[in-house]
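Notebook open, structure loaded. I want the overall build and a couple of helix pairs.

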Amino acid sequence: MQQHHHERVSFGSKIGAILAAAGSAVGLGNIWRFPYETGNHGGAAFILIYLGCVFIFGLPIMMAEFTIGRRSKASTGGAYRVLAPGTPWKWVGYLGVLTGFLILGYYTVVAGWTLEYIFQAATLGFSGKSPNDFITMFQHFSQDPLRPLIWLFIFMFATHFIVVRGVKDGIEKSSKVMMPVLFILVVLLAICSLTLPGAEKGVEFLLKPDFSKVTADVFLGAMGQAFFSLSLGMGCLSTYASYFGKDTRLGHTAMSVGVIDTCVAVLAGLIIFPAAFAVGIQPDAGPSLIFITLPNVFQQAFAGVPVLSYVCSVAFYVLLALAALTSTISLHEVSTAFLHEKFGFTRTRAASLVTTGSLLIGVVSSLALGEWSTYTIAGMNVFDALDYLTAKIMLPVSGMFAALFVGWVLDRKIVRGEATNYGTLKSSYYPLYILILKFVAPIGIVLIFVNELGLLG
Ligand code: PFF
């Protein structure tokens, strides 16, 4: 099929590019998914393995995606066709687009919940409630057939609106405002949680590893989380990299994104676990952790100063919504850019198609938590099945192919050229980077899969 070419837009500044990529990475994955995965997998030992996954697999694969995007100047769906025309590699690009599209569907459901919680916090819906009330409130809300859908639609339209405004005026501009606000809020809220009585137990859970809890599942969970959190394996960052300027340093950008993302995840843990332990909620409460424990924190931490409690609650859910929004726009952009480039649709038309399709997936995933929870796939409801399929299988598989492509297939001069901005930067890490892409990352990912399937005994 014919590829349509348009004048290619780019980010206006290097810092804008970093903030947009960090905006994609920092999201519900950090504040919602990381704490409950950590809780489910035993705490600090999981975090150590997670850090290993970020640095050993994550950053080199991020560089590989940056290389693919900036060199091809095409969205992920077209990038492999540009760099390896006439080969089956194009399917890796398509797999990425499909993965992003599926994630957008269920991710926006949770993003919508953040709006309900902003609403509740702002209208004094939390005041006077006990921990048990919060559990009931969350269950009622998430299982309601209608209310979550309204928020889902609103969130998707907000995403749509920003994506339609374009790369520079929509994505970059919004990230430049939202990311600094988000960072300040995370730090302030962590301080607030750490001052709660009984907070030490939560800190211990986060920082003191218990290796007896480490199983193959913990490795798979950590790897899936690293890919999800860094927005890897679906060409999201490669699509953004296609908008990077010539002088953007890929290694520096990858390191900045990795460090920002990890800091926000750990800070989120420092908000949630001390709070969970302080109010006696088990850390393995699962996906509902932040919607049940957090409202408690604000009630308890500032019991004597209701104004502060009010401001903090609203601030936290605003933080969560902002983090989610910078990620949903990046997920949306992957499919929008693909349809725009491949079929020559205007961005508005491409974005409308993506919005419509992902709303459908969103509606099904949302109902899967309530009315339709009896429909299961491999014992999981549709929402959990989508999360498992995308985060634990599709992201690592397509991340592995990105590593193999840059490590083995792409011309070495191009790979080195992109890593060093065509000879203008030092390249001390280059041999290590290639070694990881060629062997360490692909073998590591395969081993973790084989182990998970029980083939190693
Ligand atoms: N990285 C985002 C988060 O941690 O919430 C989620 C995400 C965004 C995953 C974009 C994948 C992606 F391409």
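At what angle do the axes of helix H10 and helix H16 cross, and within what distance do they come? First, some housekeeping. I'm on a predicted model, where local features need pLDDT of at least 70, side-chain atom pairs count only at pLDDT 80 or more, and totals for chains, interfaces and linings use all residues. Residue numbers run from 1 along each chain as its sequence is written.

Entry 1, H10 and H16. I get axes that come within 9 Å and cross at roughly 65° for H10 (residues 216–229) and H16 (residues 382–409). Axes here are lines fitted to C-alpha atoms, for helices over the stretch in contact, with angles from 0 to 180 degrees between N-to-C directions. The pair is therefore roughly perpendicular (65 to 115 degrees). I looked up who touches whom: Leu220, Met223, Gly224, Phe227 and Phe228 in H10 meet Ala391, Lys392, Leu395, Pro396 and Gly399 in H16 (C-beta atoms, placed from the backbone, within 7 Å). I sorted the residues of this contact into seven nonpolar, two polar and one charged.

For H5 (residues 90–122) and H14 (residues 306–343), I find axes within 8 Å, crossing at roughly 160°. These two are therefore roughly antiparallel (over 145 degrees). Their contact residues come out as 20 nonpolar, eight polar and no charged.

I count 18 helices and two strands (DSSP runs: H or I of at least four residues, E of at least two). The C-alpha atoms fill a box of roughly 65 × 50 × 45 Å along the principal axes. Among contacts between residues at least 6 apart in sequence, 83% join residues at least 24 apart.

How values were computed
Angles under 35 degrees count as roughly parallel, over 145 as roughly antiparallel, 65 to 115 as roughly perpendicular and the rest as oblique. Ala, Val, Leu, Ile, Met, Phe, Trp, Tyr, Cys and Pro count as nonpolar, Asp, Glu, Lys and Arg as charged, and the others, Gly among them, as polar. Two residues are in contact if their C-beta atoms, placed from the backbone, lie within 7 Å.
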